[in-house]
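Colleague: I would like to go through the terms used for this model. Please set each value against its rule.

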Amino acid sequence: MPYQTIKIFFILINILAIAACGGGGSSDNPPADEVPAVSLQEQTINFSETGTIELQVGDVRTTTTSAKSEGALNFHSADTDIVNIDANGTISAMSAGATRITITAPADQAYKSASLELAVVVSKRPANTRFEVDRLTLMAGVNHQIAAFTDSDAGLEFSSANPEIATVSTTGWIDTKAQGLTTIIAKSKESARFLAGETTLALTVGLAPQSLSLALGTSPTGFIGEQLTNTASSPGTGSFSFTSSDPTIASIDDSGVLSLLTAGQADITVSRAADTLYASAETNYRVTVLKLPATLSFAYSGSLTKLVDETLVNPAISSTGSSLISYSVSDPSRATISEDGAVTLLEAGTLVITAYQAASTNYQAAAASYSIDVNRHPQSLIFEHSGDQTLLVDDLFTNIASGGPGIGAITYESDDSDIVYVDDEGDIYAFGAGTTTIHAAKAADRKYAAATANYSVTVERHPQTISFADATPLKTLVGHALTPSLTEGDGTGEISFSSSDTAVATVNDDGEISVLTSGHATITATKEADEKYAAASAIIDLHAVPRKISLTAWVGADKSQVEFNEGATGVEWAASNTSDCDMDDTIACTNGSKQDIGHFPTDEYSFKGAQTSYYQYRHGNFTASMPLQVARWRARTGTKVAQLNGYLYLMGGSDSPYGNYIDVWRSENGVQFTRINKYNGSTGSRIDHSVIGFNNKLWLLGGTTSDASIWSSADGTSWTKEVINAPFDKRSRAQMIVKDGLLYLIGGNDPEGNTLKDVWRSADGISWSSIATDQAFPKEAHAVLFNGKIWLVGGDGGDGSGRVLSSNDGISWNVENAAPPFSALSGKGGAAVFDNKIWLVEGASEHTWFSADGVNWQAGAPLPVASITNAAIHSFNNQLLIFAGSPSNETAISEHIYAYLGDSWGIVSDRHIGKPHEATIVAGGNALWVLTQNEDINKRQMLSSEDGKQWSELHAPPGTNQGGNFVYFNNALWLIQTDHDDGKRSHYYDQNEGWVSVDHKPEFSARTYAQTLVHDNRIWLMGGNNTGSGDDPNDIWTSSDGVTWTLVGSNELLSRNNYTTASFNGKLWVTGGQSFDDGTHYYHKDIHSSVDGITWVKEADNVPYGHRTHSELFAQNDRLWIIGGWSNEGFKHYQDVWSSADGKTWQRELWSTNLGPTLLPSIAVLNGTAYLSRGNGYNDARPYGFWRSLNGYDWDRLILQDAYLK
């Protein structure tokens, strides 16, 4: 029995003896604290294992245990290093040895506790040790790792039974040493868990085979006489031996060196003896012995190029110097070759020449060749006309090709026969436009190569020219349609037109140009090409300007600053004081100049002061003339014009409510007039009178304010009363006509407004005869002389329509048209003969009419206003003109002259800003504001301008005229209405809503002509005329908002009227005026100032400018100025200018301004420039128009006048 087993047996006997002495039973000693209780039953523990439990290290055994008592069983190992038992009774063998396990069941209410002990013996496990194989055969000299296994944790040890045959390493690597047998042993040591173990492997070691390798391989080749070393090698160390199958061909020595002797093949055997590791080995190879190579070469090698009929000597040379050499040619038809290698070339082509030498005993055969490119001789071909050619469509051109010694035929070809056709003779025909190439080809013959030549032919269409006949630039007018004359060229292509700027002008397919706006455009005419003729184009530059040339001029005493409407830029402009100045020779004219209208204001020196300047404009064939003067007749209605000896005379009329005119004006051109009779007291004032030129005199009669006298004048200045009481009734609106040397007076209205229907005739203007009465004349019809007859046109026929009547003698009258298209309102207009037609201006509407026969009427261009009544219509100087009258859109009567422009009407006289009566101007908000007042609110205007030249019309204010005080205050326009209690209001102007009335009546009393101005950030209202009973007010009011007014106080200083005020140097200033006391007028020549309007200081009691009323006091350029007014001393109107730096000391700046006598001017200062408007009172005391001054004393009048190019 092994020692370990005996030891375990004795340990087990000792355990059993201990158990027999006291283990497993219950104790006989009761517990110390035993209390009588129920007797507990005995119980036993049931365990699935009985007796001694035998295990091997690593075993795990699951057991089952049960007991009768409740509660968990307790498991216990006496030596947990040997055995562990867990709470479930599972036993784990941990290491070899013997121990006990105890199982305890606890006591409960029914059972006593119980325990059970068992012996456990744990032994080591046998080790399982083995090789992967039992036997192994290896070759000597190799290393091999064997695979051995054991489940012992102590590892393996290896050993060899015969180390001379093989050794083994600790890791199992076998190293074979020699041929033989041995045993390889693997042992495992004993460990805590396993017993020792051992296994063996039988190893057989044999010799390793080896193979021989040859340095030159198994088929070496060489030439006779060479030696080849075909060395053999292998891993063994045995000796080599060599043998040859035919030593006459190749022999081999002991070192393996071959000697090649004759041509042929021999087999060589190579052997190597065995050694301790490798077995013997043998191999064979065959050696081939070759004849020596021979080479042939030519003197000229490679690819040669030669020409037909040339001979080439090029013999072959052999490297061996023996054997004959023969020659051959690849195509004997193209070349021959001699025995010595000389080649004769017959035809073009590529040949191969070959030389051959036969083989000998020791040398191989040899061959060599070279190639010859045999070319024909070159030849050239040229054309009779060298270089590229340019032809025109339908041209014929001959260009023959020639040259070269060859005999080949020459042919011709065109790349594009639609452009050029070429025949066999070289003649070419140009068919169509384009570019192509003509080729000539000469065919090759035996000796000469083909030749070609070509040239380019460009066939162009025949040039053609189209051109505009008109000069460029074409100067025309906006709105015109014109078709410039175009020379169209020879071709048949379509012509199209285009404009470079269609915003300026468009052009249609027919070349008609429509001019849309001013500017420049280039009109291009393009004619398409046809088959024969090239495309062509022509251009003409167009410069369009508006028909209307609008002049804006500030006319001063020594020059004018003029500018024109933007569209007129580039129009030729000449100015002079010579009425018949040649526009192309202005240097010969007084103050003559000529230039193109530019973009900026220009100083001009002929239009100045009271001089008349003559402006001429030219744009191509369009011209216009514009005589200019500052002085002119004033606005009026009911005026009359007449023509005499090349002059047009304008006489009388009404300027309601200021009275009737008694002046006479004369004009050479119908536009610019000179007053020749300032106060025609002889004839008295006249309106709706009759005037005509007859027998070299002007004849005047009738009118609404006249007596029955008849007057005449040879010059319009001196008048003679020819008849005190004419035989006919007093009348107005009568018609006068001269026919066949006789003067006719036709109809009119009697003083009660009834229509007179008689006709009177006179041969001298003095003696008159009644020739017709009770005629069916329409009321206020208009008489003209047309086609040898007297015609009555328009007027009221009694049924609301007009009439047309005619008479050859003034006695018998025929109704030519009882229902013409014009209405009875035409009586408010007029008629005239112009351009061989009768023209009728209805007057009470915008309609005009014309007739070429007096019977059939057509509508003419409408007037630019809805109506213009009581105007004078006349034809003069090739113009149809309308003078003065009452236009529907004017705030007062007209001062304009309208002219018919061929398709419309335009104003040809100068135009004014606002109206000359009761116009007030103020400055503020970087703008000028003009308010024209009128009793009729519908004829009131408000205008605004930033430069005094361009004006915009705004909403007119409410209220009446005399009680409106106009100021600019607190960034708004204010109108303070004062004229009566119910109408007192403040109004301000809103850009979006217009005039807004403040719902608050000012506290001051009603008045007219109060002085209103802005001072110290307040509006001030002073004095005025009482509109009720009692004295005129002398109070002073202020307002900081234009709504609520505060009484500052009263001052006797202001118990005057017609004085003037200003704000200057932080003070209010008052000067001049007049007062009344007991029916006596007192005129003042003092000046007062006040800082607060309460306390006034008399700065001067006797100012040098004297006492004056209706003047204007204003501040400009740090000085206080006074201008104009009226004085009772000599009843004169002032036209001087005074200024002061302090309001006390005054100096006269100018005795007489170019304003003329100035009464009630209104002046505002904007950006240092003073602007003057208004003027009222007597005819001679109005600064008519609108004026400016840069220095306070030199005044320039604004002239706005239009000329119309035609």
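**Values against definitions**

Modeller: Cys581 counts as buried, because its relative accessibility is 7% and buried means under 20% relative accessible area, with a 1.4 Å probe and protein chains only. This is a predicted model, where local features need pLDDT of at least 70, side-chain atom pairs count only at pLDDT 80 or more, and totals for chains, interfaces and linings use all residues. Residues are numbered from 1 along each chain as its sequence is written, and side-chain values use heavy atoms, with hydrogens and water left out.

Colleague: Why does Cys589 count as buried?

Modeller: Its relative accessibility is 11%, so Cys589 counts as buried.

Colleague: What makes the link of Cys581 and Cys589 a disulfide?

Modeller: The S to S distance is 2.0 Å. A disulfide is a pair of cysteine sulfur atoms within 2.5 Å, so the pair qualifies. The structure holds one disulfide.

Colleague: What is the handedness of the link of Cys581 and Cys589?

Modeller: Right-handed, with 95° about the S-S bond.

Colleague: What joins strand β35 to strand β36?

Modeller: Nine bridges join β35 (residues 349–357) to β36 (residues 366–375). Two strands pair if DSSP finds at least two bridges between them, so these two pair. They run antiparallel. Thr354 stands opposite Ser369 in β36. Strands here are DSSP runs of E, at least two residues, numbered from the N terminus.

Colleague: Which strands stand at the edges of the open sheet, and why?

Modeller: The order is β29-β36-β35-β32, four strands with mixed pairing. β29 (303–307) and β32 (325–329) each have a single partner strand, so one side of each lacks a neighbour in the sheet. Neighbouring strands of this sheet are turned by 25° against each other on average, direction ignored. The axes are lines fitted to C-alpha atoms.

Colleague: How many cavities does the rule give?

Modeller: Six of 30 Å³ or more. A cavity is a set of points on a 1 Å grid over the protein atoms alone, where a 1.4 Å probe fits but cannot get out. Points are joined across faces, edges and corners, and a volume is the space filled by probe spheres set on them. The largest cavity has a volume of about 90 Å³.

Colleague: What lines the largest cavity?

Modeller: It has 13 lining residues, and the closest to its centre are Ile746, Gly747, Gly748, Pro778 and Ala781. Lining residues have an atom within 4 Å of a point. β71 gives the most, with four residues.

Definitions and conventions: On a 1 Å grid over the protein atoms alone, a cavity is a set of points where a 1.4 Å probe fits but cannot get out, and a pocket is an open set with protein on both sides within 12 Å along at least five of seven lines; lining residues have an atom within 4 Å of a point. Axes are lines fitted to C-alpha atoms, for helices over the stretch in contact, and angles run from 0 to 180 degrees between N-to-C directions. Buried means under 20% relative accessible area, exposed over 50%, partly exposed in between (1.4 Å probe, protein chains only).
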